[in-house]
Amino acid sequence: MKREHSHRETSAVKTGSSSMTANKEEAGGFDELLVVLGYKVRSSDMADVANKLEQLEMVLDDGISHLSDDTVHYNPSDLSGWVDTLLSDLNPTCDQVKPDQDSEYELSAIPGSAAYPRGKRTRTGSDSPTTTRSMVVLDSQETGVRLVHALLACAEAVQQNNLKLADVLVKHVGLLASSQAGAMRKVATYFAEGLARRIYRIYPRDDVGLSSFSDTLQIHFYESCPYLKFAHFTANQAILEAFATAEKVHVIDLGLNQGLQWPALIQALALRPGGPPDFRLTGIGSSLTGQSVQEVGWKLGQLANVVGVNFEFKSIVLNSLSDLKPEMLEIRTGSESVAVNSVFELHRLLAHPGSIDNILLTIKSIKPDIITVVEQEANHNGAVFLDRFTESLHYYSSLFDSLEGPPSQDRVMSELYLGRQILNLVACEGEDRVERHETLVQWRNRFSMGGFKPVNIGSYAYKQASMLLALYAGADGYKVEENEGCLLLGWQTRPLIATSAWRFNRVE
Amino acid sequence: MAAGNEVNLNECKRIVPLNTWVLISNFKLAYTLLRRPDGSFNRHLAEFLDRKVPPNSFPVDGVFSFDHVDTSTNLLTRIYLPAPLDPSRYGAVDLTKPLSTTEIVPVLVFFHGGSFTHSSANSAIYDTFCRRLVSICGVVVVSVDYRRSPEHRYPCAYDDGWSALKWVKSRIWLQSGKDSKVYVYLAGDSSGGNIAHNVAVRASKEGVKVLGNILLHPMFGGMERTLSEKRLDGKYFVTIQDRDWYWRAFLPLGEDRDHPACNPFGPRGQSLEGVNFPKSLVVVAGLDLVQDWQLAYVQGLQKTGHDVNLLYLKQATIGFYFLPNNDHFHCLMDELRRFVHSVEDDSLSKSSPILLTP
């Protein structure tokens with residue numbers, strides 16, 4: 001098959017005068033026009049990708065559709081990689097264990113080899129943390145519009161340190177909020193409280209004194225909406241894939257809390273074809289909250305016992321995650337596969353200069369097979385207060401919208417759980433401001449710069465997560481989205497949390 | 001048949017730029033994986049593969065966008081607007097003020113393509129296209145996330161189109177001109193074009209004013225196998241077989257392709273005689289196998305005295321407008337701009353001559 005056409009040649013098809021016709025080749029070598037459409041293909045690879053597509057077309061008749069149900073797809077933005085996977089799937093060299101079709105809603109172990117991207121990996125270059133903020137769209141009701149205007153105006157006054165004006169406005173907000181209903185009212189109330197606290201310098205107490213209450217709130221949040229369930233599910237899926245053939249596995253949970261993530265993993269390991277591995281869990285808790293990490297471990301041990309999984313538990317209690325030293329983890333190099341798991345923990349370290357680097361260094365030094373990270377999908381850590389305020393107003397509006405429904409204790413507690421995040425975001429500063437959320441793009445950048453390689457989460461996990469949502473979420477608006485190997489859960493079109501997976505291997 | 005395929009693929013690659021070929025071939029391949037012979041559709045994989053983008057409240061390249069969900073219908077629309085001239089007004093839309101009190105700002109209610117089955121309002125290809133429409137043609141775009149087949153068959157997409165039209169018509173902030181009205185055009189590519197037509201028919205019947213229809217290689221068909229279908233089958237990304245699959249997925253079970261949704265001027269079609277139907281711009285790609293049906297549609301409108309402009313792009317394949325790297329794209333944008341900014345000339349009757357491009 002002749003490859004006749006260079007990039008330049010095909011541009012000559014046009015005869016006209018128009019200005020923006022050239023296929024611009026930008027830094028990074030990716031075809032710029034395709035990047036905008038969500039595909040990263042190097043201009044230098046274009047002909048090769050075309051060739052492979054042609055090869056696939058050769059076998060294109062109805063027979064190919066069987067591929068869709070058996071094949072697991074990864075990172076469709078990497079067209080070259082995707083096409084390579086399809087080509088090799090047409091000539092399978094190894095038996096792929098198919099996911100157990102009967103237990104559709106449970107986790108199943110699938111071969112680890114599929115998770116690691118073959119062929120060219122697109123390098124995540126210097127993605128700048130730009131924000132493409134979504135708009136808060138209000139009802140056309142006038143009060144809704146005025147409420148948001150008042151909130152933003154107040155925040156702007158705070159930004160400019162015009163506290164007298166801010167004081168007047170925050171009272172006005174309170175008045176407007178009281179005539180609103182639903183999610184808008186609740187969100188506005190929290191943001192107004194945050195502003196008031198900032199103005200009057202009555203800062204919210206640390207979580208410290210209310211630790212068990214925090215736990216309670218988190219459990220209610222877990223029950224009332226799918227965000228934590230999604231976080232746990234997708235992270236577990238990535239861990240399972242990484243542990244597919246391991247005999248001994250070690251999970252390090254950077255924030256054990258109530259250990260809600262682990263029963264499902266333990267059960268999935270128990271059901272693994274070929275039998276469960278030995279499972280070791282290291283749970284990290286905060287010394288400031290006085291959680292009984294040991295007790296959580298004990299309960300998990302009981303479960304593991306029931307389902308027949310050899311279980312070992314260790315608890316580590318720290319002031320801060322940045323105090324974590326590799327020796328504390330007692331890695332059994334060479335005999336165990338290691339996973340590091342972080343659900344909504346890492347962003348807190350951004351409050352203290354150097355902390356995030358410490359933990360990443362520690363993680364790197366133990367060379368985990370997989371690192372699973374779940375974070376809020378938003379930039380609430382910008383330098384300018386007003387920007388943070390606006391971003392978080394949009395974010396929590398979507399979040400609260402998704403919670404709307406018949407009243408329940410779970411929901412009320414969840415709103416309180418989120419409300420405390422809002423207060424911290426708006427009212428606190430410096431080391432007290434721990435809700436320093438950053439976007440997937442920002443985290444990707446940080447991990448890439450740190451030398452970590454992405455592990456793609458594929459279509460199997462995507463499908464299972466979607467089905468899980470349908471089961472547990474009830475409401476129609478939750479959407480799972482794939483983004484260059486990561487999965488995001490959002491409300492309507494707004495992604496709200498992101499799961500990514502990484503590795504830092506012994507063999508590079 | 002390998003030799004035959006080879007000729008087709010080479011010819012096809014000659015016609016379009018390489019990156020366009022890669023893009024559309026990628027869709028072709030992916031879509032083949034998603035369609036099952038039994039008529040069912042792998043929706044999970046489809047959503048996994050679709051590249052989506054968020055809206056942006058801060059303008060990029062002079063355009064900003066936001067999403068709206070109509071709580072009464074659960075219908076999502078993405079609205080694209082030109083950036084405010086004053087940067088201090090970035091990031092906010094005043095829902096109480098019209099677009100302009102002096103000038104007319106056309107609002108395109110846009111229905112994305114995907115053969116009734118694929119894509120969404122937030123698909124990257126359509127988000128990008130809509131943004132280009134705003135910046136190049138000077139319009140506001142409301143892109144409708146209508147329900148898709150096979151999960152939602154006829155008439156769901158049309159109902160959603162109708163809901164969207166009514167919603168748009170009633171927005172203060174989409175009004176313009178000295179008389180404070182919403183100046184609406186219906187637009188769509190492929191299945192979106194079909195939806196636009198059907199919503200326009202309903203609008204005419206129910207007295208809702210639509211200024212014009214823009215149908216970009218609209219999806220029509222019928223039981224007959226036309227010459228263009230036979231001649232171009234499998235040659236330029238599309239096959240008769242896949243067209244049949246999508247009709248079977250969209251039309252009510254047991255129906256055939258002479259159903260009026262598929263074949264509006266066919267044996268079961270309804271004549272638009274005497275109906276106050278908006279003027280139409282129909283764009284036909286010369287390498288689209290559906291063209292005979294599209295040309296029949298144009299003739300059907302002409303026969304009943306309706307105003308229709310045909311833009312026939314001889315060397316264009318389907319999807320030529322996804323990338324601005326060819327003449328057809330620019331030709332389309334020029335025509336579109338002319339079409340939506342000629343409100344003042346409404347009184348002049350015309351069907352402009354057919355426009356051909358090399």
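**Close-up 1. B:His217 in the loop between β6 and α7 of chain B.** In this predicted model, B:His217 is found in the loop that runs between β6 (212–216) and α7 (227–232) of chain B. The backbone of B:His217 has a positive phi of about 25°, although the residue is not a glycine. B:His217 has a relative accessible area of 6%; the residue counts as buried because this value is under 20%.

**Close-up 2. B:Ser180 in the loop between α5 and β5 of chain B.** B:Ser180 is not a glycine, yet its phi is positive, at about 45°. Is B:Ser180 buried, exposed or partly exposed? Its relative accessible area is 36%, so B:Ser180 falls between the limits of 20% and 50% and is partly exposed.

**Close-up 3. The cis peptide bond from B:Ser149 to B:Pro150.** Omega for the bond between B:Ser149 and B:Pro150 is near 0°. B:Pro150 has its place in the loop between β4 (140–145) and α5 (156–169) of chain B.

**Close-up 4. The cis peptide bond joining B:Tyr154 and B:Pro155.** Which loop of chain B holds B:Pro155? B:Pro155 is found in the loop between β4 and α5. The bond that joins B:Tyr154 to B:Pro155 has an omega of about 0°. B:Pro150 is also placed in the loop between β4 and α5, and the peptide bond from B:Ser149 to B:Pro150 is cis as well.

Note on methods. Residues numbered from 1 in each chain as written. Chains lettered and ligands numbered in written order. Predicted model: local features only at pLDDT ≥ 70, side-chain atom pairs only at ≥ 80, totals over all residues. Heavy atoms only, no water. Helix = DSSP H or I, 4+ residues; strand = E, 2+ residues; numbered from the N terminus. Buried < 20%, exposed > 50% of the residue type's maximum accessible area, 1.4 Å probe, protein only.
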